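Here are a few exercises to work through with the model open beside you. Take each task in turn, then follow the solution step by step.

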Amino acid sequence: MPHAVAAIVLCVAGIAKLRTPGPAAAAVRAPAALVRVFALFELALGVSALLWPPVSALLAVTYVGLAVLTLVFARRGESCGCFGGIESQGDAPASRAQAALSLILALLAALPAHGAGWIVG
């Protein structure tokens, strides 16, 4: 169940933003309440993907979107606030490595929908 890793990471990010929405709110220049709504979406999507693997296709699409958003922050040299206030680097700017990690998580999320056969041949 490789998609479970992607689902759990999204749940952790959602919980972190529910607890501390400030960094993400500053990053996207939106009210903390809106960040909390998105955090609830992340949490609901992560739990849903764990319980019903077909939802993992939406999980994969979400991670692709998060990768794009992370690249925007990286180009600006800004923090993304992806994990609320629990990032070990604090206000460190987002990076291409973070975007690549989101794409890897998107790939893992896609596995239940398509199986691994389409990757290896």
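**Exercise 1.** How many disulfides does the structure hold? Find the cysteines involved and describe their bond.

*Solution.* Keep in mind that this is a predicted model.
- Start with the count: there is 1 disulfide.
- Next, locate it: cysteine 80 is joined to cysteine 82, with an S to S distance of 2.4 Å.
- Then take the handedness: the torsion about the S-S bond is about -135 degrees, so this disulfide is left-handed.
- Finally, check the surroundings. Cysteine 80 has a relative accessible area of 7%, under the 20% cut-off, so it is buried. Cysteine 82, at 22%, is partly exposed.

**Exercise 2.** Which residues have the most contacts inside the largest nonpolar core?

*Solution.* 
- The core has 14 residues, and those with the most contacts inside it are Ala6, Leu10, Leu45, Leu59, Tyr63 and Ala109.
- Now trace the elements: α1, α3, α4 and α5 (96-114) each give two or more residues to this core.
- Zoom in on Leu45: leaving aside residues up to four places away in sequence, leucine 45 touches Leu10, Val55, Leu58, Leu59 and Thr62.

Notes:
Residues numbered from 1 in each chain as written. Predicted model: local features only at pLDDT ≥ 70, side-chain atom pairs only at ≥ 80, totals over all residues. Heavy atoms only, no water. Core = buried A, V, L, I, M, F, W, Y, C linked by side-chain atoms within 4.5 Å. Buried < 20%, exposed > 50% of the residue type's maximum accessible area, 1.4 Å probe, protein only. Helix = DSSP H or I, 4+ residues; strand = E, 2+ residues; numbered from the N terminus. Contact = heavy atoms within 4.5 Å. Disulfide = S-S within 2.5 Å.
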